[in-house]
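Student: I would like to learn how to read the features of a structure such as this one. Could we go through them in turn?
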Amino acid sequence: MYANAAVKSAYATTSCSGGTPVNKEYAIIERVTTDLVRADRNKSENYSAFVDAITRNRKMWRLFGVDVAEPDNTLPKKLKAQIFYLSEFTDIHSREVLKGNETIEILVEINEMILLGLASEGTEP
C-alpha cells in the first residue's frame with residue numbers, strides 16, 4: 001500500500017516528516033479518519049467540511065487503488081486485490097453517503113481496520 005509520495009503531496013497539511021513509510025501512511029489515514037468523523041458530527045452546521053472530508057477519504061483510497069495496480073508494487077497479490085476492492089467500495093459507498101442514502105460508519109471502520117493492520121507492522125500510533 002505504499003503510495004506515500006502521492007498521498008503525502010495530496011495531503012500536504014498532514015504533518016508526516018520523518019519516520020518510516022508505514023508510519024507516514026498511518027498518520028495520513030489517521031488524520032483523514034479523524035477529520036471524517038469530526039465532519040460527520042458537525043455536518044448540519046458545516047456541510048461543506050463534511051463533503052471535503054468524504055472527498056479526501058475518496059482521494060486517499062483512489063491513490064491506494066492506483067498504487068496497488070502498479071506492476072512494480074511488491075505487496076502480495078491477494079492483499080493488492082483486497083486493497084483495490086476497498087478502493088472501489090469506498091468510492092461507491094461515498095457517493096451514496098453524499099446522496100444521503102448511507103452513513104460513514106463503514107468508511108470509518110475500513111480505515112480503522114487498515115490502521116490496526118499498519119500498527120501490527122510496528123507503526124507507532
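Student: What percentage of the residues of the protein count as buried?

Tutor: Of the protein's 125 residues, 38% count as buried, where buried means under 20% relative accessible area, exposed over 50%, and partly exposed in between, with a 1.4 Å probe and protein chains only. This is a predicted model, in which local features need pLDDT of at least 70 and side-chain atom pairs count only at pLDDT 80 or more, while totals for chains, interfaces and linings use all residues. Residues are numbered from 1 along each chain as its sequence is written, and side-chain values use heavy atoms, with hydrogens and water left out.

Student: How many helices and strands are there in the protein?

Tutor: Helices (H or I, at least four residues) and strands (E, at least two) are DSSP runs, numbered from the N terminus. The protein has five helices and zero strands, so that the pattern read along the sequence is α-α-α-α-α.

Student: At what angle do helix 2 and helix 5 pack?

Tutor: Axes are lines fitted to C-alpha atoms, for helices over the stretch in contact, and angles run from 0 to 180 degrees between N-to-C directions. Helix 2 (residues 21–41) packs against helix 5 at an angle of about 155°, the axes being 10 Å apart. That makes helix 2 roughly antiparallel to helix 5, given that angles under 35 degrees count as roughly parallel, over 145 as roughly antiparallel, 65 to 115 as roughly perpendicular and the rest as oblique.

Student: Which residues is Asn111 in contact with, leaving aside its neighbours within four places in sequence?

Tutor: Contact means heavy atoms within 4.5 Å. With those neighbours left aside, Asn111 is in contact with Ile29, Thr33, Asn57, Met60 and Trp61. Asn111 is found in helix 5 (residues 105–120) and is buried, its relative accessible area being 0%. Where helix 2 meets helix 5, the residues include Ile29 and Thr33 on the helix 2 side and Asn111 on the helix 5 side.

Student: How is a pair of aromatic rings described?

Tutor: Such a pair is described by the distance of the centres and the angle of the planes. Rings of Phe, Tyr and Trp (its six-membered ring) pair if their centres lie within 6.5 Å; planes under 30 degrees apart count as stacked, over 60 as edge-to-face and the rest as tilted. By this rule the count is three aromatic pairs. Trp61 and Phe64 form one that is edge-to-face, at 5.2 Å centre to centre with 90° between the planes. Both residues, Trp61 and Phe64, are buried, and they lie three residues apart in helix 3 (residues 47–69), about one turn of the helix.
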